[in-house]
Amino acid sequence: MKVSLKLLFLPPVVAAAIVFAAVVHSPTIKAAPGPDHASRAGLMPIGKPVKIKVPLGLPPVPIPPDNPPTEETIALGRRLYYDPGLSVDGTISCATCHAPNLGFGDGKALSNGVDGKLGTRSAPTVVNAAYNTLQFWDGRSASLEKQAEGPMANPVEMGHTLEGVVTFAQSDRAYRELFLKAWGTEQITIDLVTKSIASFERTVVIGNSPFDRFYYGGDKKALSLAAQRGLKLFLNPKKGNCSVCHVIGKKYALFTDNKFHNIGVGADTSGNFADVGLYGQSKNTADMGAFKTPTLRNIAETAPYMHDGSQATLKDVVDHYVGGGTSNPHLDKEIHALDFLTFDERSDLKAFLESLTGTLPANVDPPADLSSVKMQTAEKQ
Ligand code: HEC
Ligand code: HEC
């Protein structure tokens, strides 16, 4: 029902009478739920709305207005996330490269997709990706929904087509039922697939680490003395200067500024980059070799590090910053050698990074009944 602006200027009694009349008449124009329901764009979840619980140290999870999470879309997304049936040969799922036991990364410098094909970048964690304003190392995707299309259709990742993914799910009775419960339709579209996966990913939020309990929870004993010293170095612009990019806020810490920087990774001695980073998207010379600042939560679990996986350990990363990165014309102005840090200070910084590990929320591991779903992939409608 649309109430005209003009009503606002009428005496309240008159306006109320007109609104009442409109309400009385509105049932005749109510849309009938029918078979065409499914084909209309912008379908909304129909299940039980969920308010995602956030642990200490994180802000509320941003939710797009057209995809409010429900129990049903999250459960469906979880299953899709762990289902290798979404890849062309049934071997690779999202979790192959973003595994819960590996901090939602894959523990490799570069990721292997279908047929063992090798990608060109390291798999970032999915942990807290819900807070990223842009997805991918070069920010080329604006939402988790859009991001999820990438790997399915990427020839060296899941090697499928978006149509192929839809056909796979559509031909599976269990999926048809799950889509019906979650979205009110058995007519599966790639939009509903990616929205469901994104809703699941929004539940993969990790905080409440020793650092959070110390810094936001007021538990002075939560953090080791070495990590406490490391935290001070991390924050101090004259020492580590880390939080200028890996931001720690007053009420929460995402450890990223959601911006792109060239920190001297992947440059050869003449300043050429194997991977041009943000420049590939923007074609702006200043963005050469710039990559998105990654979160540092659960960083101890996601070695090797950097967009190219070139740093094997957290000690190597600290040493990278101590050396000031490979010099090149586009190096960020906040990056400079930290060789004045003593060896003790360097290990304190590392102790701090190790204090950022929190526990996984419930229900983000593979669903118990996934194996039965996998067996049904051959079933035809
Ligand atoms: C073969 C390995 C592989 C598979 C399979 C894979 N990913 Fe990724 N994922 C990556 C790599 C590598 C990147 C970084 C690519 C880039 O930045 O260009 C990435 C990036 C991401 C990001 C962005 C995170 C950030 O901080 O920017 C998200 C979210 C994500 N993947 C989710 C998924 C989902 C959901 C699926 C399944 C539909 C999936 N991935 C399948 C390797 C993989
Ligand atoms: C100018 C911004 C900036 C500053 C300052 C900075 N970082 Fe980073 N950090 C980044 C970016 C951008 C990356 C990813 C770079 C890449 O892959 O090419 C990164 C990567 C990392 C990684 C690896 C993350 C991963 O998932 O692979 C760690 C760990 C890290 N930084 C810790 C630190 C520490 C400790 C300091 C302070 C000594 C620091 N950073 C200072 C921007 C910054």
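Predicted model: local features only at pLDDT ≥ 70, side-chain atom pairs only at ≥ 80, totals over all residues.
Q: Why are H2 and H7 called roughly perpendicular?
A: Happy to walk through it! Helix H2 (residues 71-82) and helix H7 (residues 190-201) pack at an angle of about 100 degrees. Angles of 65 to 115 degrees count as roughly perpendicular, so H2 and H7 get that description. Their axes are 7 Å apart.

Q: How do you know which residues of H2 and H7 meet?
A: Contact requires C-beta atoms, placed from the backbone, within 7 Å. On the H2 side, the residues that meet H7 are Thr73, Ile74, Leu76, Gly77, Arg78, Leu80 and Tyr81. Their partners in H7 are Val193, Lys195, Ser196, Ile197, Ala198, Ser199 and Phe200. By class, this contact has eight nonpolar, four polar and two charged residues.

Q: Why does isoleucine 74 count as buried?
A: Isoleucine 74, which sits in helix H2, has 26 C-beta neighbours inside 10 Å. The cut-off for buried is 20 or more, so isoleucine 74 counts as buried.

Q: Which residues is isoleucine 74 in contact with, leaving aside its neighbours within four places in sequence?
A: Those residues are Val50, Pro69, Ser199, Phe200 and Thr203. Isoleucine 74 also lies 6.1 Å from serine 196, C-alpha to C-alpha, although 122 residues separate the two in sequence.

Q: What makes up the shell around ligand 1?
A: A C-beta atom within 6 Å is the requirement, and 27 residues surround ligand 1. The closest are Cys94, Cys97, Phe136, Trp137 and Pro151. Helix H3 (94-97) and helix H4 (144-153) each supply at least two shell residues, and H4 gives the most, with five. The shell divides into 16 nonpolar, eight polar and three charged residues.

Q: Which helix gives the most to the shell around ligand 2?
A: That is H11, with three residues. Helix H11 (314-323) and helix H12 (343-354) each supply at least two. In total, 26 residues surround ligand 2, the closest being Cys242, Cys245, Val265, Tyr305 and His307. By class, 17 are nonpolar, seven polar and two charged.

Terms used: Residues numbered from 1 in each chain as written. Chains lettered and ligands numbered in written order. Helix = DSSP H or I, 4+ residues; strand = E, 2+ residues; numbered from the N terminus. Nonpolar A, V, L, I, M, F, W, Y, C, P; charged D, E, K, R; others polar. Axes fitted to C-alpha atoms, helices over the stretch in contact; angles between N-to-C directions. Parallel < 35°, antiparallel > 145°, perpendicular 65-115°, else oblique. Contact = placed C-beta atoms within 7 Å. Buried ≥ 20, exposed ≤ 12 C-beta atoms within 10 Å, placed from the backbone.
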